[in-house]
Amino acid sequence: KVFGQKQVEKGVLKTTLDLLPTLIEEDFSSRIKNIEMENAKEIAEIKFLHGKIIALVNEISGIELERKENERFNKAAATAKKQVEKQLLRLMEKISPENVGSDLSEIRKYVGESYSLLLNEVNSFRKSLAYTSVYLKEEMKQLGGLLQEFLNKLKEVHDKLEKESELFEFENAKERIELLRVNKKELLELTKEKTEVQEKINSEENELTKGNEKRDTLSKGNEIKELNALEIEKKTMLDEKQQLRVEVSSMLSTIDRPLQRFKALVDSGRWVLDRERKELLDAFIVNPMLALKKDVNGKAFKEILKEIVKAINDSKIELKDREKEKRLDALGELINFNFFEKIFWKLNEIQRKQMEIDHKIKESVGQKLLVAEEEKGAAIQKEINALKEEIVSITNKERVLNEQVLAEEKYVLSFGEKVLGRPIVLEN
């Protein structure tokens, strides 16, 4: 039996992806040869039927219709006959088997397409066939029988070839076997790459640990002790600077109300100050320490304070008696306060010492070593993070490839077992 033959199941076949296509092809070779021989006979019969149909249509074409009493029906039948002849000849040309060779895929395509085309187009002019049959009963009966026989033969060959579908899947199967082989190879390469990346991560993490240990050792050395002492001294300077700011803010808070009211007088034009003193007034309200750098002795500021005292005494700044006395006393204290010695000089001295400390810290051997180790540690950590992202990327690729491998392996095994008739185990 050529068509639909089945393999007898044997023991488990152990093979490789490289050998499997060859084994399938060897199994196919004899089957394909026998099927091609059988199909050569079938195609010869199809060609014979095709020729008989054309010959009969040509014969019908030369027959004149016997006229009947109904003239209208005569005309309809004549038209129908011409349509049948024209459409059938055109259809036979479309489904001509003349150039069909022995290739099974070519035959499969021909019989499938021809069957569908013949079935659909004959149905489309069935009415014309019926009209013609009234006049040419025997000829049309013969034509109908040939068309049906031709149609049956096309379907018979098509159905037999469909039962041998794995023969036509083989090229696709070979491509999928190759894809499976490539994907498995790529999976091995990804596993190797992942191992190498993980080894780099381990190495970098060891370097990071060594760097942390080195920083710990450095932190206990004399250079770092000196650096820590400088940092403590710097903090002391910063605290003193802050204390000065608090002191100045505290002093100015005692005259905040008259100061703000005086500013309002100046802004409204009810009290006139030149541009420089007006800017200085604004500066003392916004940032007193910065203002003192411009007015180191507080001389210009004291002149403004005297203007405020005058505005209070002239009732331009209205205060209750008790508050007025309190604010005037506070203004007097500030007018007599030595801003240069008690504020500016101290601030200047603090800043000078701070600059000296910053310079020592910058030039400190301990600082340079710590900075170098921290920069090195940061660079190593950045590299570790990049390598971990690479691991994630490789893992995602592995997951996708594994899914493809499982799907392709399932198909390949199913196809191979169907063809060879035995269970298959793929070996590496």
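1. Glu189 is partly exposed, with a relative accessible area of 45%, where partly exposed denotes the range between buried, under 20% relative accessible area, and exposed, over 50% (1.4 Å probe, protein chains only). The areas behind these percentages come from the Shrake-Rupley method with a 1.4 Å probe, and for residues only the protein chains shown count as cover. Glu189 is found in helix α6, helices being DSSP runs of H or I with at least four residues and strands runs of E with at least two, numbered from the N terminus. The model is a predicted one, in which local features need pLDDT of at least 70 and side-chain atom pairs count only at pLDDT 80 or more, while totals for chains, interfaces and linings use all residues. Residues are numbered from 1 along each chain as its sequence is written, and side-chain values use heavy atoms, with hydrogens and water left out.

2. Glu189 belongs to a negative surface patch, whose other members are Glu186, Glu193, Glu196, Glu199, Glu383 and Glu390. A patch takes residues with over 30% relative accessible area and no salt bridge, joining like charges within 9 Å and nonpolar side chains (Val, Leu, Ile, Met, Phe, Trp, Tyr) within 5 Å. For a Glu, the place of the charge is taken as CD. Helices α6 (165-219) and α14 (365-420) each supply at least two residues of this patch, and the largest share, 5 residues, comes from α6.

3. The structure holds 32 salt bridges, each defined as a side-chain nitrogen of Lys or Arg within 4 Å of a carboxyl oxygen of Asp or Glu. One of them joins Arg181 to Asp18, with the closest N and O atoms 3.8 Å apart. Because Arg181 lies in helix α6 and Asp18 in the loop between β1 (13-15) and α1 (20-61), the pair ties together parts that are 163 residues apart in sequence. Arg181 counts as partly exposed at 30% relative accessibility, whereas Asp18, at 56%, counts as exposed.

4. Two further salt bridges deserve a look. Arg277 pairs with Asp274 at a closest N and O separation of 3.3 Å; Arg277 is partly exposed at 21% relative accessible area, and Asp274 is likewise partly exposed at 41%. Asp282 pairs with Lys278, the closest N and O atoms being 4.0 Å apart, and these two residues, 4 residues apart in helix α9 (residues 275-286), are separated by about one helical turn. Asp282 is partly exposed at 24%, as is Lys278 at 29%.

5. Salt bridges also link Glu42, Glu45, Lys153, Glu156 and Lys160 in a network.

6. Most residues other than glycine have a negative phi. Ser315 lies in the loop between α11 (299-313) and α12 (321-336) and is partly exposed, with a relative accessible area of 46%.

7. Thr15 lies in strand β1 and is buried, with a relative accessible area of 4%. Residues up to four places away in sequence being left aside, Thr15 touches Leu20, Leu23, Ile424, Val425, Leu426 and Glu427, where contact means heavy atoms within 4.5 Å.

Note on methods. Lys and Arg count as positive and Asp and Glu as negative; His and the chain ends are not counted.
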